Amino acid sequence: MRHKQRTQSVQGSVPTQSVGTIQNSDKKTAMRTLMIEPLTKEAFAPFGDVIETDGSDHFMINNGSTMRFHKLATVETATPEDHAIISIFRADAQDMPLTVCMLERHPLGSQAFIPLLGNPFLIVVAPVGDAPVSGLVRAFVTNGRQGINYHRGVWHHPVLTIEKRDDFLVVDRSGTGNNCDEHFFKEDERLILAPHQ
């Protein structure tokens, strides 16, 4: 069962790139174009972990032949009966520019995406809350060597590949209960993601 929640948007302090318009039968609606930020640990910290070796602590194992970059992220689950599982997602690109009409969250566990083919991918996120606030939505792009781990309850868009098709190693939670809430924005809360502009 999936929950569809609605909320009023408020203005946040998120920088904007530009404003576009969409046309419906009786009015024009301005939509904010998300500024796409380079993914860094500091910028992404409110939403989860950046999984990367650059700038991460490590120690030597296997008789000095291997660097272990230890505990780059923590798998979160809700109950002792839950399990952390590993899957592969094969994602197809969406047409761009993309109108961001919805976000989802996983209230019972974290979810990590690690690119398997070395390609950059896009991330759209909003802070934890009862519903995502359109004015606080942010967008990031990875460098192709970074993965991410969404913390429990963080609002995010389903995986957004830049390549026509891409593969991701996914670490998340398996267990009972509803672990996917969806929120659909009102028309005047929707956003534009335009990576090629």
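This is a predicted model: local features need pLDDT of at least 70, side-chain atom pairs count only at pLDDT 80 or more; totals for chains, interfaces and linings use all residues.

Residues are numbered from 1 along each chain as its sequence is written, and side-chain values use heavy atoms, with hydrogens and water left out.

Let us begin with strand S11, residues 111-115. Helices (H or I, at least four residues) and strands (E, at least two) are DSSP runs, numbered from the N terminus. Four of the five residues in S11 are buried, meaning under 20% relative accessible area with a 1.4 Å probe, protein chains only; exposed is over 50%, and partly exposed lies in between.

Which strands pair with S11? Strands pair if DSSP finds at least two bridges between them. S14, residues 147-150, joins S11 in the antiparallel sense over three bridges, with Phe113 opposite Ile148. S17, residues 165-174, is also antiparallel to S11, over five bridges, and there Gln111 has Asp172 as its bridge partner.

Ile148 leads us to the largest nonpolar core, of 16 residues. Such a core is a set of buried Ala, Val, Leu, Ile, Met, Phe, Trp, Tyr and Cys residues joined through side-chain atoms within 4.5 Å. Ile148 is among the members that touch the most others, as are Phe44 and Val125. Helix H1 (41-44), strand S12 (121-126), S14 and S17 each give two or more residues to this core, and S12 gives the most, with three.

A second, separate core has 14 residues, including Leu34 and Trp155.
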